[in-house]
Amino acid sequence: MLELLIITAFVGYIVYLRYYADQRTAAQKEADRLREGIVLYDAGQTAGALTYFNAALAAQPKSSVAYLYRARIYRDLGDSVAALADLEQAKSYDDSIAELHLETGKIYYERGDYEQAFKDFDKAVFHNAANQAEPYRWRGMAGQKLHRTDLSQHDLERAAVLEKTPAPAVTNLSASTRFFDRRFVLHMGLIGLTSALLLLVVKRSNVIHWPYLAAAVVGVMIGFLETRKGWALAVEQALLLWLGYTFITGPATGGHRQDLENFSLYGSIGLTFIGSLLGSVIKRAQG
């Protein structure tokens with residue numbers, strides 16, 4: 001039984017890494033899926049690109065990236081009203097893409113509405129996890145129009161520095177690529193707490209059902225909290241359980257109790273991985 005659980009957990013972990021631990025954001029995956037249309041747009045084949053993104057949106061109406069590129073096409077064609085409509089629609093599905101705010105700001109800047117343009121460029125900077133120069137440069141330019149001298153000078157200097165260091169292209173739609181971001185660190189702390197509670201259940205329970213149930217619930221919770229990085233939290237919990245049991249609480253000395261604790265401990269570790277995989281799948285299915 002114990003060996004079966006360990007093998008199942010290992011297989012589940014490999015499947016998780018292969019299919020669900022993709023570190024790309026949803027926007028990056030969309031960009032990859034729409035690569036053909038993006039290439040058409042970058043090559044200046046406006047008509048072909050417009051046809052492509054119209055078809056893409058007919059097939060997947062909630063594609064923020066498709067709306068972004070169709071908005072760029074409309075703007076290039078001089079239809080800023082249609083471009084703004086597409087940009088606002090895209091934001092309603094994913095407001096975290098810096099390029100959406102950047103393109104919106106450019107339209108307002110061209111209209112002479114520098115106050116609104118500055119607000120949009122400010123949002124572009126906020127979501128500019130890829131540290132691109134363009135959002136800073138445009139916010140600096142809008143700040144100059146509004147006579148916000150100190151801030152605009154700082155932004156323009158920052159843009160000049162970033163331009164000397166090649167950054168990912170705008171078409172990469174790079175959201176935060178840092179692994180240990182603030183959200184993940186907070187979740188690591190939460191897993192430290194759940195690991196301690198699970199270890200307590202393992203030591204106190206007289207049956208394997210309670211540790212298994214608790215581990216499965218926590219595992220699913222991990223998958224919900226971090227759909228892309230849940231595997232790392234599962235590894236953290238597995239290590240904390242094993243280290244805590246081996247070096248802090250210590251195993252029971254012989255007999256039925258030691259066997260029970262071993263089954264509870266290693267079964268809980270296995271169910272942590274399986275639960276995190278299932279939680280991630282369920283969360284992704286919910287969109």
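Student: Is Arg-148 buried or exposed, or partly exposed?

Tutor: First, a caveat: this is a predicted model, so local features need pLDDT of at least 70, side-chain atom pairs count only at pLDDT 80 or more, and totals for chains, interfaces and linings use all residues. Residues are numbered from 1 along each chain as its sequence is written, and side-chain values use heavy atoms, with hydrogens and water left out. On the scale here, buried means under 20% relative accessible area, exposed over 50%, and partly exposed in between (1.4 Å probe, protein chains only). Arg-148 has a relative accessible area of 31%, so the label is partly exposed.

Student: Which residue does Arg-148 meet in a salt bridge?

Tutor: A salt bridge here is a side-chain nitrogen of Lys or Arg within 4 Å of a carboxyl oxygen of Asp or Glu. The N to O distance for this pair is 3.1 Å. One partner sits in helix H8 and Arg-148 in the loop between H9 and helix H10 (149-164), so parts 33 residues apart in sequence get tied together. Helices are DSSP runs (H or I, at least four residues), numbered from the N terminus, and the partner in H8 is Glu-115.

Student: Which helices does the salt bridge between Asp-155 and Arg-139 tie together?

Tutor: Their side chains meet at 2.6 Å, N to O, and both residues are buried.

Student: What is the distance between the closest N and O atoms of Lys-106 and Glu-134?

Tutor: Lys-106 is in helix H7 and Glu-134 in helix H9 (residues 133-145), 28 residues apart, so to speak distant parts of the chain. Both are buried. Their salt bridge has its closest N and O atoms at 2.7 Å.

Student: How do H3 and H4 run relative to each other, roughly parallel or roughly antiparallel?

Tutor: The axes of H3 (residues 35-42) and H4 (residues 46-59) come within 8 Å and cross at roughly 155°. Axes are lines fitted to C-alpha atoms, for helices over the stretch in contact, with angles from 0 to 180 degrees between N-to-C directions. Under 35 degrees counts as roughly parallel, over 145 as roughly antiparallel, 65 to 115 as roughly perpendicular and the rest as oblique. H3 and H4 are therefore roughly antiparallel.

How values were computed. Helix = DSSP H or I, 4+ residues; strand = E, 2+ residues; numbered from the N terminus.
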